[in-house]
Amino acid sequence: MNSDVLIIGGGIQGCATAYNLARQGVSVTVLEKDWVSRHASGVNAGGVRLLGRDVAEVELSKASMALWHRLDDELDADTGFRARSLINIAADTQDLDTLRNRQSLMHGLGYHHEVMIDQQELRERLPHVAPHCVGGVVSETDGYAIPYQSTLAFRRAAERSGAQFIEGVAAQQIRKVGQHWLVETDKGRYEAEHLVNCSGAWADKVAVKIGDNVPLTHSAPMLMITTRMPHFATPVVGAVSRPLSFKQFENGTVLIGGGAKGFADRDNNRTRLDYAKMAVGARNVVEFFPIMKTASVNRMWAGLEAYMPDNLPVIGKSVNADNAYHAFGFSAHGFQMGPIVGQVMAELIIDGKSRFDLNKLRIDRFERKVL
């Protein structure tokens, strides 16, 4: 099967890239070894977060946030996006010092979307927060969406513009023949002028077949969700220095994250929970919100996620092969970036360049000094 662009990986990055290419008349084929949104893009916490971003990705994240706020209309779908704000709680004066230093840095760079709040405002926004909490920081535009719905919305919009999605096919061999990439799978051969690696936790294996080496690792971030509770928190909640992350949905259930990692078996497509770490996460929630003492956990799970040593993604062109591109390694915070990454990859393929500075996100940044 021939197309202009071949994308390996059917997560939100791959689906958003397919959408942005197909809507501009580019023929696109997406290969997914399992099914679309099977891994990190379908089972993450759904955070749509600008707050706390590394400065290397703030511009991308800001642009993506603007897209999220109109994404349902653009895709003609329900992504589940809700703008609820995000508050990171300061548990003590040391946390406040951390926030002041961060604010000084951000203001010096011209960014003012992170706003510190005092203890009184914290309690007004989160009446059930524990008495020892002394303040925090808020980003008003932030919120959450439903991961599977969002990824599927990009897929369906891409298909309406002519993109093809082939599920259950694994890339076994990748090689360049003349001006085209040939990808041999367990179910046939695919050919395209351009190749995009959106393979998530398996992206290092695809990258090396293209000709690029990358120090990618993988892990299994865990989540749990409670049964329904009376409403007590509208904003998405995090903490400055504690592994805390949760949100209460409109139906009353509470999704609890925090970054605790289970056991990842990439070769066999499996994850296993670490219940001791899950218990620590539950205790952290109760420490900050005593009302959660009465919560009952309904379900727990983990996804397979790709991590880079600096927790920044790889976004950009291959450094060792022509007409090859990468978008992976989002280190458990890539869901919010999906809409803008799709645009960036389309720009690189169609225009040969992006309007964003991607230098610090190069795949070879660990082999060279990035100025």
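These entries cover the annotation, the cavities, a helix and a serine.

**Entry 1: the model and its annotation.** I am working from a predicted model. Residues 4-348 are 29% helix and 30% strand.

Entry 2: Rolling a probe the size of a water molecule over the atoms shows where empty space is left. I searched the whole structure for cavities of 30 Å³ or more and got 2.

**Entry 3: the largest cavity.** I noted a volume of about 60 Å³ for the largest cavity. Which residues line the largest cavity? I listed L99, R102, Q103, M106, H107, Y111, H112, H113, E114, M116 and V137. Helix α5, residues 93-108, gives the most to this lining, with 5 residues. I sorted the lining of the largest cavity by class and found 5 nonpolar, 4 polar and 2 charged residues.

**Entry 4: the second largest cavity.** The second largest cavity holds about 40 Å³ of space. Its lining is made by Y19, N20, L67, L71, E74, F154, P339 and Q343. I asked which elements give two or more residues to it, and these are α1 (12-22), α4 (71-75) and α10 (338-350). By class, I have 5 nonpolar, 2 polar and 1 charged residue in the lining of the second largest cavity.

**Entry 5: helix α1.** Is α1 mostly covered or mostly open? I found it mostly covered, with 11 of its 11 residues buried. Y19 and N20 are among the buried residues of α1, and both also line the second largest cavity. I also noted I12, Q13 and G14 among the buried residues of this helix.

**Entry 6: S139.** I placed S139 in strand β7, residues 135-139. V137 of the largest cavity's lining falls within the residue range of this strand. S139 counts as buried because its relative accessibility is 1%, and the cut-off for buried is under 20%. Its side chain makes a polar contact with the side chain of D142, at 2.9 Å. Beyond the neighbours within four places in sequence, I found S139 in contact with L50, L51, S85, L86 and H113. H113 is also one of the residues that line the largest cavity.

Technical notes:
Residues numbered from 1 in each chain as written. Predicted model: local features only at pLDDT ≥ 70, side-chain atom pairs only at ≥ 80, totals over all residues. Heavy atoms only, no water. 1 Å grid on protein atoms, 1.4 Å probe; cavity = no way out; pocket = protein on both sides within 12 Å on 5 of 7 lines; lining within 4 Å. Points joined across faces, edges and corners; volume = space filled by probe spheres on them. Helix = DSSP H or I, 4+ residues; strand = E, 2+ residues; numbered from the N terminus. Nonpolar A, V, L, I, M, F, W, Y, C, P; charged D, E, K, R; others polar. Buried < 20%, exposed > 50% of the residue type's maximum accessible area, 1.4 Å probe, protein only. Polar contact = N/O pair within 3.5 Å; in protein donor to acceptor, adjacent residues only side chain to side chain. Contact = heavy atoms within 4.5 Å.
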